[in-house]
Amino acid sequence: MRDIDIIGVAGAGAMGRGIAQIAAQAGITVRLFDVQPEAVTAAREALQAVWNRLVEKQRMTADEAQASLERVVPCSSLNDMADVDLVVEAIVERLDIKEELFRKLEDIVGPDCILASNTSSLSITAIAAACKNPARVVGYHFFNPVPLMKVVEVIDGARSHPQYGDALMALARRMGHTPVRAKDMPGFIVNHGGRGMNIEGLKTAQECVAPFHVIDAIMRGQAGFRMGPFELMDLTGLDVSHPVMESIYQQFYDEPRFRPSPITAVRTAGGLLGRKTGEGFYRYQDGQKIVEPEAAVPALPETLNVWVAPYHSTGHRRAAALLRELGVEPVTSDEPPHDALIIVTPYGEDTATVVAQYQLDGRRTVALDTFFGLEAGKRRVLMCSAATTAQWRDAAHALFARDGSPVSVIADSAGFVGQRIVATIINVACDIAQQGIATPEDIDQAISLGLGYPGGGPLSLGDALGSAHVLDVLRGMLRTTGDMRYRSSLWLQRRVQLGMSLRSEAAVA
Ligand SMILES: NC(=O)c1ccc[n+]([C@@H]2O[C@H](COP(=O)([O-])OP(=O)(O)OC[C@H]3O[C@@H](n4cnc5c(N)ncnc54)[C@H](O)[C@@H]3O)[C@@H](O)[C@H]2O)c1
């Protein structure tokens with residue numbers, strides 16, 4: 001297979017120009033074509049402006065900028081692509097139009113030329129089916145903005161020959177990107193792995209566990225994510241994320257893990273799309289999110305007995321240790337004294353379930369989320385049952401905010417907020433591995449680079465949090481709700497059973 005020195009880029013929109021930029025910067029000649037010739041002119045002008053800025057910032061020399069620009073050759077016809085080694089298609093997201101383009105290209109390019117599609121949602125196998133030689137049709141899925149999003153998915157269709165994907169992997173590295181390899185399945189890796197956060201965030205909000213901004217604050221301040229689900233959906237816009245949620249759910253034949261929420265259907269219909277319309281889950285003023293003030297911390301009662309339920313060993317140990325740090329020695333009797341605040345620490349269960357199971361006084365019971373650790377400064381999350389009274393809720397709030405750590409108080413929920421969303425994200429990633437869509441290493445790379453999730457990717461995060469604990473959370477959620485969306489992936493279950501890392505593949509392939 002020959003080296004890739006000249007590429008064609010079809011479609012000079014947001015993605016096409018980004019792909020042209022990184023290729024030209026890597027010394028590759030780019031033949032740029034668009035059905036609208038003015039789009040090619042606009043793309044070249046935009047690239048020139050980008051490179052001028054890079055020269056100003058001394059990130060490239062004027063000669064390099066000029067050479068890069070000269071490498072982007074405008075084409076007035078597809079016939080100008082006759083000598084290219086690869087065509088990357090970044091045109092409109094329609095199967096019939098992409099099929100037509102590929103059919104035309106087959107008559108123009110040489111027999112070894114790779115035909116790649118940047119599609120986000122169409123099947124590579126379906127696009128290839130229109131071609132005389134489907135073996136050379138491969139997915140090459142970049143993310144927007146291409147120069148900053150340093151990951152690209154290389155997708156093998158059912159009839160792709162692996163040598164073409166291998167060549168795209170090597171080219172990606174040459175362009176400074178991290179390539180990951182995926183099978184042709186809906187959402188590939190990144191858009192599949194991203195299901196957990198938004199969909200579980202929406203389900204949590206739909207159950208009235210907490211307002212949108214509190215769910216986001218917990219995902220940032222407790223679980224360590226850069227953004228919560230509602231901030232993310234406001235950034236992307238519901239006009240984009242809602243149809244993707246519906247499409248992936250349908251493509252996986254109503255997989256309960258991907259069941260979308262009517263919340264986004266209603267808000268999309270109402271034009272509450274996010275930042276782009278000035279109002280989404282948040283309102284925006286001059287492009288800035290209007291932030292809700294933090295709930296005030298109530299006064300701590302002068303005397304407060306606290307009893308920590310011993311039912312969950314890790315949770316009990318973490319909660320008792322924190323209480324001691326806060327200057328409170330928990331009461332150690334087997335049963336809670338009649339005047340004590342009762343702290344429970346469930347994984348995946350709600351407060352009501354623990355109250356019922358252990359015959360506790362629901363009015364005095366508050367759940368503390370210990371899953372992520374309880375270091376000072378990290379957001380703490382308290383959860384009330386429907387029976388918890390304001391007096392005991394406020395006492396717990398004041399107590400756990402005593403060292404100045406932020407505290408969120410939420411309504412009853414199987415898996416609080418952070419547990420359920422993070423366990424769902426890890427479970428979805430485990431199932432991507434179980435389905436052989438990508439290797440564990442590529443799943444972690446793709447999701448941490450493509451979505452910016454913490455912990456080196458969801459499988460590594462699962463190992464760090466304790467995969468057995470993640471499994472406990474999912475089992476607790478499934479028992480409490482009966483909802484099959486919380487059934488654990490066999491990948492997760494088996495690796496816990498065998499004491500293996502979530503990143504380990506089977507010893508024998
Ligand atoms: N924008 C994103 O965030 C993103 C991310 C990943 C993948 N993608 C995918 O990349 C592709 C392009 O997306 P975009 O955001 O750059 O779109 P865009 O609308 O910005 O640009 C598409 C360009 O393709 C041109 N075009 C349409 N039909 C054509 C044809 N038959 N031949 C040549 N040019 C044609 C249009 O004139 C337009 O300039 C789509 O498949 C999309 O799903 C987009």
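## Notebook: strands, ligand shell, loops

**Entry 1, strand β14.** Buried means under 20% relative accessible area, exposed over 50%, and partly exposed in between, with a 1.4 Å probe and protein chains only. The strand runs over residues 380-384, and five of its five residues are buried. I take helices (H or I, at least four residues) and strands (E, at least two) as DSSP runs, numbered from the N terminus.

I note for all entries that this is a predicted model, in which local features need pLDDT of at least 70 and side-chain atom pairs count only at pLDDT 80 or more, while totals for chains, interfaces and linings use all residues. Residues are numbered from 1 along each chain as its sequence is written, and side-chain values use heavy atoms, with hydrogens and water left out.

**Entry 2, neighbours of β14.** I then checked the pairing, where two strands pair if DSSP finds at least two bridges between them. Strand β13 (residues 365-368) pairs with β14 in the antiparallel sense over three bridges. Within this pairing, Cys-384 of β14 is the bridge partner of Val-366. With strand β15 (residues 407-410), β14 pairs in the parallel sense over four bridges. There I found Met-383 opposite Ile-410 of β15. Right-handed here means that, with the strands pointing away from the viewer, the path from the first strand over the helix to the second runs clockwise.

β6 and β7 run antiparallel and are joined by four bridges. In β7, Glu-153 is the bridge partner of His-141. Strand β8 (residues 178-183) runs parallel to β7, with six bridges between them. Ile-155 stands opposite Ala-182 in β8. From β7 the chain crosses through α6 to β8, and this β-α-β crossover is right-handed.

Which residues are closest to the ligand? I counted a residue as near if one of its heavy atoms lies within 4 Å. The shell has 21 residues, and the closest are Met-15, Asp-34, Glu-93, Lys-98 and Asn-118. A polar side-chain atom of Glu-93 is 2.5 Å from a ligand oxygen. A polar backbone atom of Ala-14 is 3.1 Å from a ligand oxygen. For Ile-91, a backbone N or O atom is 3.2 Å from a ligand oxygen. Taken alone, the ligand exposes 830 Å², of which the protein buries 74%. These areas come from the Shrake-Rupley method with a 1.4 Å probe; for residues, only the protein chains shown count as cover. Helices α1 (14-25) and α4 (95-106) are the elements that give two or more residues to the shell.

By class, I read 10 nonpolar, eight polar and three charged residues in the shell. Ala, Val, Leu, Ile, Met, Phe, Trp, Tyr, Cys and Pro count as nonpolar, Asp, Glu, Lys and Arg as charged, and the others, Gly among them, as polar.

I found Leu-171 in helix α6 (residues 162-174). Leu-171 counts as buried because its relative accessibility is 3%. Between Leu-171 and Ser-385 I read 214 residues of sequence separation and 55 Å in space, C-alpha to C-alpha.

His-242 is in helix α11 (residues 238-251). Its relative accessibility is 9%, so His-242 counts as buried. The side chains of His-242 and Thr-264 make a polar contact at 2.9 Å. The term covers a pair of N or O atoms within 3.5 Å; within protein, one must be able to donate a hydrogen and the other to accept it, and residues adjacent in sequence count only if both atoms are side-chain atoms.

The peptide bond between Asn-144 and Pro-145 is cis, with omega about -5 degrees. Pro-145 sits in the loop between β6 (137-141) and β7 (151-156).

Gln-58, a residue other than glycine, has a positive phi near 60 degrees. Gln-58 lies in the loop between α2 (37-56) and α3 (62-71). Is Gln-58 buried or exposed? Gln-58 is exposed, at a relative accessible area of 75%.

Asp-286, also not a glycine, has a positive phi near 50 degrees. I placed Asp-286 in the loop between β9 (284-285) and β10 (288-289). With a relative accessible area of 80%, Asp-286 is exposed.
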